[in-house]
Amino acid sequence: MQRYNILWADDEIDLLKPYILFLSQKGYDVTPVNSGADALEKFSEQSYDVIFLDENMPGMSGLEILSHIKTIRPHVPVVMITKNEEESIMEEAIGSKIDDYLIKPVNPKQILLSIKKILDQKRIIGEKTTQSYQQEFRNIMMAFSESMNHNEWAEVYKKLVYWELEMENAGNQGMTDVLKMQKEEANNNFAKFIIQNYEQWLNNPDIDKPLMSHQLLRKKLFPKISAEPVFFFLIDNLRYDQWKTIEPLVAEQFKIEQETLYYSILPTTTAFARNAIFAGVLPVELEKIIPDFWQDDEDEGAKNNHEKDFLQYQLKKNRLEHIKFSYHKIIHQTQSKALVDNFNNLLHNQLNVVVYNFVDMLSHARTDTEMIRELAPDEAAYRFITKSWFLHSPMVDMLRKIAEKKYRLIITTDHGTIRTTKPYKIVGDRNTNTNLRYKQGKNLDYDKKNVFVCRKPESLHLPKHNVSTSYVFATEDYFFAYPNNYNHYVKYYKDTFQHGGISLEEMIIPYVELIPK
């Protein structure tokens, strides 16, 4: 067991010998001093793992010593011990970034607990996390052998994300690898579940089914619209684990009134899923609203130019045409800043819709840019970059303004992404779309395993361009690659984040209702 060095400064240090003996028996080496000057001298001579400071000593006070220590080595843990219970002293100590604050008289076990919280917390949490996950592991694996419904799958995914974030914090790589294998098994079983049930969800009104993209606004958002402004933020490509990463930052100003997981429609892409959200209809019906909408299918960008029109259509369809609303799509930082500057004008609307495209741009940049790949080599780094963007984006200023005015906020997304690792050979003609997680076209040639095949697009309410059009969806973490350029595809797209297919990460996504604190 590692022995830690502790510096303890107290003008009555001789009275603390029993404490020092107790800590020594527990594996800690304590250097005792009876003045602030001696503490700083010892501190300059060697490094310590934690420092205990008496707040009220002759000469230099504990707070003065604390200031010197933090100037020299700001990250060394410091525990303040004092008889003084004045709130101002506590606040000054906390403001100076102490790690714990103890009120005299203290007992040895209080001291030991404080040390363990500071020095052994990560190890103890890591061991407990591993133990708890091992118990949960068996429960999750047993669930795979049973027939789960859509709610139970959402709960399993929530558990997997919870443990993924816990393992990340605990730094236990061994168990992280076990969890990764369990997620792969989960996605394998989830794909079978979707293949078996998805068509029925869209066509049978009498069965139990999840909330899906085309129902989202009608069932969740529209009932919340009132005389007071409602802000609806759709962050493109935001996975559930990314939401849980930024949730603590949002929670500084908002309380979560309700967190819902809903299911994206297929394909899990912006052109299909997001347009279904705003129009309130399934993809095949979009052309009834915008004639020739599905012409020139490869122009993904053009497919996103009608979102405001679709929203207007859905409001009218639900007899809400009188609602005054705004729609903003944020692609560049300057647009986000301009929206913040324009905030007061938004307050004249009952509904303000803002689409933030950064996370989607990040996933594409990670594919196309080597530097981004280096910065985000795995899910943990991908989450970190998302959190960093959020923390430093003008979106934070928007949240602050909304919270100050006490208005309702909704945060959601249109689909997620999955890190693709396994290539899957497919052959199509030149009119086949380029998406790596789903293909639509005629005369597609592929292995029938590990894909969801739809030969009758109308059964999934998907557009059909000719009589032989079919759709093929990748499952688990596969991505499609053409045999004639196979090595290039594998090298270029392996370990990139893609969407369009069937996975927990792509299909089960957050819808969060928030109210200001």
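Reader: What is the strand order of the open sheet?
Author: The open sheet has 6 strands in the order S7-S19-S10-S6-S9-S8, and the pairing is mixed. Two strands pair if DSSP finds at least two bridges between them. Helices (H or I, at least four residues) and strands (E, at least two) are DSSP runs, numbered from the N terminus.

Reader: Which strands stand at the edges?
Author: Strand S7 (254-263) and strand S8 (325-330). Each has a single partner strand, so one side of each is left without a neighbour in the sheet. From one strand to the next the twist averages 15°; axes are lines fitted to C-alpha atoms, for helices over the stretch in contact, and angles run from 0 to 180 degrees between N-to-C directions.

Reader: Before I go on, what should I know about the model and numbering?
Author: It is a predicted model, where local features need pLDDT of at least 70 and side-chain atom pairs count only at pLDDT 80 or more, while totals for chains, interfaces and linings use all residues. Residues are numbered from 1 along each chain as its sequence is written, and side-chain values use heavy atoms, with hydrogens and water left out.

Reader: Back to the sheet. How does S6 pair with S10?
Author: S6 (residues 230-235) and S10 (residues 408-412) run parallel and are joined by 5 bridges. Phenylalanine 231 stands opposite leucine 409, and valine 230 stands opposite arginine 408.

Reader: And with S9?
Author: S6 and S9 also pair in the parallel sense, over 6 bridges. Isoleucine 235 has tyrosine 356 in S9 as its bridge partner.

Reader: Is S6 mostly covered or exposed?
Author: Mostly covered: 6 of its 6 residues are buried, where buried means under 20% relative accessible area, exposed over 50%, and partly exposed in between (1.4 Å probe, protein chains only). Val230, Phe232 and Leu234 are on one side of S6, and Phe231, Phe233 and Ile235 are on the other.

Reader: New topic. How do H6 and H18 cross?
Author: The axes of H6 (residues 150-170) and H18 (residues 379-392) come within 11 Å and cross at roughly 90°. The two helices are therefore roughly perpendicular; by angle, under 35 degrees counts as roughly parallel, over 145 as roughly antiparallel, 65 to 115 as roughly perpendicular and the rest as oblique.

Reader: Which residues make the contact?
Author: Glu164, Leu165 and Glu168 of H6, with Glu379, Ala380 and Arg383 of H18. Contact means heavy atoms within 4.5 Å.

Reader: How many salt bridges are there?
Author: The count comes to 29. A salt bridge is a side-chain nitrogen of Lys or Arg within 4 Å of a carboxyl oxygen of Asp or Glu.

Reader: Where do lysine 220 and glutamate 513 lie?
Author: Lysine 220 is in helix H8 (residues 216-221) and glutamate 513 is in strand S19, 293 residues apart. Their closest N and O atoms are 3.8 Å apart. Lysine 220 counts as buried at 14% relative accessibility, and glutamate 513 counts as buried at 2%.

Reader: What about arginine 274 and aspartate 236?
Author: Their side chains meet in a salt bridge at 3.0 Å, N to O. Arginine 274 lies in helix H10 (residues 270-279) and aspartate 236 in the loop between S6 and H9, so the pair ties together parts 38 residues apart in sequence. Arginine 274 counts as buried at 0% relative accessibility, and aspartate 236 counts as buried at 0%.
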